[in-house]
Amino acid sequence: MSGFLASIGLPEIVAGLIVLALNAYVLMGGADFGGGVWDLLAGGPRRKEQREHIASSIAPIWEANHVWLIIVVVMLFTAFPIVYATLATVLHIPLLVMLVGIVLRGSAFVFRSYGGEKYGGRRGWGLAFAVASTVTPILLGVIIGAVASGDVAAAAARVGHASFVDVFVIPWLAPFPIAVGLFALALFAFLAAVYLALGATDPELQNDFRRRALGAAAVVFVLAIIALLVARSGAPIVAEGVTGAPWAIALHLCTGAAAVTAILALWTRRYGLARIAAAGQVSFILWGWVLAQYPFVIPPALTIRQAAAPPVTLELLLIGLAAGAAILIPSLRYLFKTFAPAAK
Amino acid sequence: MSDLFAARSQMALSLGFHIIFAEIGIALPLLMVIAEWRWRRTGDAVYLQLAKRWAKGSAILFAVGAVSGTVLSFELGLLWPKFMQFAGAIVGLPFSLEGFAFFTEAIFLGVYLYGWDRISPRAHLAAGLIVAASGAASAVFVVMVNAWMNTPAGVVLDAGTITGIDPIAGMFNPSTVQQALHMLLAAYAATGLAVAGIHAAILLRRPALPFHRHALIVALAVGAPAAILQPLSGDLSARTVARWQPVKLAALEAQFETERGAPLRIGGWPDADARQTKFALEIPSGLSLAAFHDPNAEVKGLSAFPRDAWPPLLPVHFGFQIMVALGTAMAVVSLWAAVVAVRRRDVAGSVWLLRALAVVAPFGFIATEAGWTVTEVGRQPWVVQGILRTADAVTPMPGLIVPLLVFTALYFLLGAIVIALVAGMVRETA
């Protein structure tokens with residue numbers, strides 16, 4: 001542990017902040033995508049009410065939540081330009097599909113809200129919103145899985161020497177990245193169901209989302225095991241970190257405790273606690289991946305140190321982040337306070 | 001189509017699409033806040049109706065602007081990874097600050113749109129003001145990056161590799177102030193006059209509707225001063241280009257020979273092979289006067305530079321001519337409206353003024369696209385002037401025609417729907 005602490009410098013701090021921003025995106029933006037999944041899967045006697053609850057819950061906040069992704073991207077290309085350039089080169093195709101999903105999700109949502117029914121039908125836009133919300137998280141997971149697998153680094157070294165498929169397709173169209181993609185989708189859907197259950201005022205509607213959250217928790221569990229099994233051959237470095245490192249047991253205990261707490265809280269209808277536990281569970285999983293591949297950004301080729309921009313950039317970025325956070329944090333608190341479910 | 005050309009086309013398409021939404025996203029919230037402020041001051045419910053309409057328009061356009069802006073933040077890497085690897089440590093800072101400004105805008109737009117009856121009137125108006133101010137700040141930060149690409153500063157180079165950087169000097173490079181000013185005025189002028197023109201057209205048919213009279217006046221209050229100031233800002237920009245990017249100046253003026261007392265050309269067809277511009281109306285010494293404020297100043301012609309350092313002449317020259325012509329028309333019509341207002345006559349009462357406003361309604365957006373073409377195509381073959389060539393920055397990924405087609409289809413679909421939605425909203429009020 002002391003070795004780990006001694007290795008922390010400016011580049012590691014900035015990298016940690018990028019993961020923190022990604023964590024925020026996953027907890028907030030991820031849940032908005034999960035909302036789209038439940039729109040797609042809406043059913044039963046309260047199908048319409050479910051969709052309306054999803055729409056009214058995410059309408060005031062989804063754009064702010066989405067900006068976390070942009071913060072992650074700009075921080076990444078500022079502090080680790082070579083990482084951004086490498087990912088954008090090798091993962092061009094999944095990034096492109098993810099972007100199409102992001103564009104369609106956002107625009108379909110506003111078109112549905114603002115009179116788009118005349119042009120494509122309200123349900124048409126609803127379907128586009130729901131399908132795009134389902135596809136986009138899978139791609140996000142695929143991209144993270146491809147980085148963790150170590151194949152992005154290998155492909156980047158072979159640009160110009162290997163075939164198109166070897167460089168631009170194989171690194172992400174593989175069992176491990178796809179398993180991570182599905183896992184991410186399940187996690188986002190789980191988060192969304194928990195938040196939606198908390199926010200529902202009608203007890204029957206609340207129970208709909210409670211049952212969905214419990215079902216999603218089961219799917220998360222199954223997909224986590226599959227991803228871990230595939231990781232042994234598909235992402236050896238991360239698999240070793242997650243299973244063998246000294247901190248791994250403690251982290252697994254935390255993740256497991258959060259998961260069990262979330263399920264028990266849902267079972268006993270303590271939705272506020274369920275939200276905290278679910279958010280904790282997802283965050284532990286994210287940080288588990290990050291720690292498993294530390295100190296690499298793109299394992300096994302680029303470490304945080306090797307990829308970092310010059311110190312002057314990192315220092316200025318930190319100053320900028322501090323100034324930005326001073327404006328942002330109170331603003332976000334205000335946003336969520338204004339539209340908190342309890343105020344309804 | 002070569003991959004380089006496909007990449008350039010996709011970037012041009014994405015930026016050309018986004019810039020319209022960005023402009024409206026900067027200026028429409030200002031109209032919305034002014035309308036709400038007028039309502040709170042006068043109690044005139046028409047202003048409230050107007051504020052809510054513009055808020056709805058802002059919501060649609062902001063959402064499309066936000067997603068198309070997200071696309072751009074990825075496209076920088078998807079299409080130009082070597083540019084970002086080279087420049088990320090410098091241009092990343094203004095982009096990060098833009099990220100925060102954009103974040104603030106998104107948060108308070110959410111508060112504004114959905115908070116009408118949840119927060120106090122004062123807080124609501126303040127939320128709208130924050131949206132308008134952070135939109136403008138976003139534009140300034142993004143333009144800083146473009147200004148750096150035109151006049152890079154804060155980079156120490158040794159045989160093509162960066163050995164030292166000063167990101168602050170990069171942010172405040174010689175073009176930053178001029179370009180940021182020009183972009184902001186363009187946003188207010190284009191959006192203000194477009195909105196004014198739409199309502200002027202309706203007033204021509206139904207002169208009595210107070211909704212459209214109020215809308216016209218608020219839109220003109222924002223658009224007209226910006227349109228009147230824009231030629232001055234253009235002069236500032238042109239002089240900066242003359243000093244720092246002489247080859248761009250030569251291309252946009254179609255000036256082939258280096259000469260003192262160079263003429264200002266109106267129209268004309270630049271013939272790169274014959275190295276002369278035909279059929280132009282020439283104002284003697286006009287260019288020297290405009291670019292250097294000295295009729296005898298020497299203007300460098302294209303012949304002073306190697307042929308492979310020339311930007312494509314036709315789009316740059318015609319883009320510049322179109323921008324100046326449309327901008328001038330907007331300034332003249334705005335001055336006319338200002339004269340009517342200063343004489344305390346009814347701005348909505350002059351049929352000819354309303355007609356003129358209806359005609360110039362789209363000019364601002366066309367001029368923006370033309371001006372953007374001038375600054376971007378005019379910098380070619382460089383992505384960072386004098387440091388990195390566009391051809392050296394492009395991704396090694398083959399088959400770039402495919403993403404180009406995907407985004408072309410996507411943007412045309414989005415553009416068509418947004419136009420249909422906005423047209424529907426306008427029709428509801430007419």
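In chain A, the side chains of A:D166 and A:R158 come together in a salt bridge, with 3.8 Å from N to O. That distance comes from a predicted model, as do the other values in this report. Both partners sit in the middle range of accessibility: A:D166 is partly exposed at 31%, and A:R158 is partly exposed at 40%.

**Salt bridges**

Side chains of opposite charge can pair when their charged atoms come close. Over all chains, the count of salt bridges is 16. Here are three of them, including the pair we started with.

| Pair | N to O distance | Relative accessibility |
|---|---|---|
| A:D166 and A:R158 | 3.8 Å | A:D166 31%, A:R158 40% |
| B:D346 and B:R213 | 2.6 Å | B:D346 36%, B:R213 25% |
| B:R307 and B:D273 | 3.6 Å | B:R307 41%, B:D273 66% |

Let us take the two chain B pairs in turn. The side chains of B:D346 and B:R213 meet in a salt bridge. B:D346 lies in the loop between helix 10 (313–342) and helix 11 (351–360), while B:R213 belongs to helix 7 (residues 210–244), so this pair ties together parts of chain B that are 133 residues apart in sequence.

B:R307 and B:D273 form another salt bridge. This one links two loops of chain B that are 34 residues apart: B:R307 is between strand 6 (298–299) and helix 10, and B:D273 is between strand 4 (264–271) and strand 5 (276–283). B:R307 counts as partly exposed, whereas B:D273 is exposed.

Back in chain A, salt bridges with shared partners connect A:R46, A:E204, A:D208 and A:R211 in one network.

**A buried glutamine**

Is A:Q50 buried or exposed? With a relative accessible area of 1%, A:Q50 is buried, because the cut-off for buried is under 20%. This residue is part of helix 3 (residues 47–58) of chain A. Leaving aside residues up to four places away in sequence, A:Q50 touches A:A42, A:G43, A:L205, A:D208, A:F209 and A:R212. With A:R212, the side chain of A:Q50 makes a polar contact of 3.5 Å. A:L205 is 155 residues from A:Q50 along the chain, yet their C-alpha atoms are separated by 6.8 Å.

**A nonpolar patch**

Which helix gives the most to the patch? That is helix 7 (residues 122–149) of chain A, with three residues. A:V135 has its place in helix 7 of chain A and is partly exposed at 33% relative accessibility.

Notes. Residues are numbered from 1 along each chain as its sequence is written. Chains are lettered from A and ligands numbered from 1 in the order in which they are written. This is a predicted model: local features need pLDDT of at least 70, side-chain atom pairs count only at pLDDT 80 or more; totals for chains, interfaces and linings use all residues. Side-chain values use heavy atoms; hydrogens and water are left out. Helices (H or I, at least four residues) and strands (E, at least two) are DSSP runs, numbered from the N terminus. Buried means under 20% relative accessible area, exposed over 50%, partly exposed in between (1.4 Å probe, protein chains only). Contact means heavy atoms within 4.5 Å. A polar contact is a pair of N or O atoms within 3.5 Å; within protein, one must be able to donate a hydrogen and the other to accept it, and residues adjacent in sequence count only if both atoms are side-chain atoms. A salt bridge is a side-chain nitrogen of Lys or Arg within 4 Å of a carboxyl oxygen of Asp or Glu.
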